[in-house]
Amino acid sequence: MEHVGQTVTLSGWVQRSRDMGGLTFLDLRDRYGLTQLSFNLSVNEKLCMDARKLGREFVIQATGLVKERSSKNAKMPTGDIEIEVTALKILNASQTPPFTIEENTDGGEELRMKYRYLDLRRETVRKKLELRHTLARYTRQYLDDQAFIEVETPVLIKSTPEGARDFIVPSRLNQGEFYALPQSPQTFKQLLMVSGFDRYYQIVKCFRDEDLRADRQPEFTQIDCEMSFVERDDILNTFEGLTKFLFKKIKGIDLPDFPRMSYDEAMARYGIDKPDTRFAMEICPLNEHVADTDFAVFKSVMDEKGLIGGICTAGCAEYSRKQLDELTEWVKDRGMKGLVYVKWNKEGIKSSVDKFFSPEQLKSWMEAAGGKEGDLLLVLAGPLEKTQKALGELRLELAKQLGLRDTPGYNPLWVIDFPLVEYNEEEGRFYAMHHPFTSPNPEDLHLMETAPAAIRANAYDLVINGVEIGGGSIRIHDRGVQQKMFDLLGFTREEAQEQFGFLMNAFEYGAPPHGGIAFGFDRLCAMFGGVESIRDFIAFPKNNAGRDVMIDAPGAVNPAQLKELGLRITE
């Protein structure tokens, strides 16, 4: 209203037009919102007729007087005023767009991705990119205030065997040799620590050639950070501080201190290393309650020191046989042999195994899991790790069915003490749980050669509402320990030198103790935006097949280019 009486010039796109007889109204859209333009046939007939010829998405410039509207629109931020147009210029005409550029558009996802430059005109999409910008700005503000320095690292690097699949780039000047696009700046940020840059950060593009889903893209962005002369608590405190700062700035929320949970505890209670702690339904071990059973399924699991575990779902005793059969098939699809249920309703205890256990025994299971009348207990049995993971997935599926994953609020926690390595039975060797540069817990260093599976990593993940937002570790900075790690992972001395000799050599020149963390910036944006998919927070994303349908990439390459690179496509 403070602009009423002023003459202004606005430029933008025609959102919609309304012909009201003697009056014509246009809604003009620009990055800042919508403004109503008015044209009066009795005041300027030609101008009004010109306005009526404008189609959706025409680019125009309008000059006029700001006036208070006689009929205000409370749904528009500018709904109290309008511009009485005195001059109109068409800057560019537009074809009829393939979908309506409205909040509730009629365009499907694939169509909107093909015309992404049009989809970006929608306010909801634009606001997501504005949120991304704001998040980046506050991230830089916090890290700058903590004396971090932003350093860019190379995009054309060397391919390494660990981690996800690399994107490969052929070299014209070095035919037969290839660059890789970085999955992360891991070795470079460690080299920056060796170089004396004790606090580094970068909001950096990373690349992984992996199957896609809602929270994955082939190119994604990290808040990548590293610090020297620190221990684990220094890292956790600094980046807990960043997370709290962002929540305060973006959401106006003061988060309490983040709890810490070991990997073993997370798996035992929730069956997953990124637990959503907004709701209960924790895994309850029932082994001791069936120790003397003759039930063959449970007895074999007990003999093999497996897990018999249950999840109690409050108020679900009325689940139908059809629903329970569907859950049984669901767990079978995840490699389990079956599902045991126990219902506690008004008529008493009913179970799929009540031929083998008394009502008193079944009630003891329910009570152990915190159950009461009206509740349903679902039980799985099998090898420990496999059963924990299946129960974890079942817990999340039940939470989804019951609407618990929409529970308001934010529950952050640090998951710590991951295993350093995991054994691959098929390949007969160990793989790094995080990456080969993660330091063992100092207390477990003596187990490197005798019991590697028991070593805890000096690593940590930040989890919020069941989503891994960030992760990192204290790094190995001693050449001898790094060599032992490569030995453990099955690298020959020659392979280790060829792949990582530059880093090993750097450790010979006074490498400081250091550690770091990387936040998934796109996931962080999606979490603050209240959605699961990261796609809308990326200006020009790929679809689930890894294609950019707007520019039709990837595509074929001219044979002359291939020849220059020394490459030939074979069938």
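How many bridges join β6 to strand β9? The structure is a predicted model, in which local features need pLDDT of at least 70 and side-chain atom pairs count only at pLDDT 80 or more, while totals for chains, interfaces and linings use all residues. Residues are numbered from 1 along each chain as its sequence is written, and side-chain values use heavy atoms, with hydrogens and water left out.

Two bridges join β6 to β9 (residues 199-207), and these strands run parallel; strands are DSSP runs of E of at least two residues, and helices runs of H or I of at least four, numbered from the N terminus, and two strands pair if DSSP finds at least two bridges between them. Within this pair, Ile-149 stands opposite Tyr-200 in β9. Both strands belong to an open sheet of eight strands with mixed pairing, in the order β6-β9-β10-β22-β21-β20-β17-β11. Because β6 (149-150) and β11 (260-262) stand at the edges, each with a single partner strand, one side of each is left without a neighbour in the sheet. Helix α7 (residues 263-270) packs on the sheet and touches β11 and β17 (412-416), where contact means heavy atoms within 4.5 Å.

Elsewhere, helix α12 (residues 479-488) packs with helix α13 (residues 493-506) at an angle of about 150°, their axes being 11 Å apart; axes are lines fitted to C-alpha atoms, for helices over the stretch in contact, and angles run from 0 to 180 degrees between N-to-C directions. The contact involves, among others, Gln-482 and Phe-486 of α12 and Ala-496 and Phe-500 of α13.
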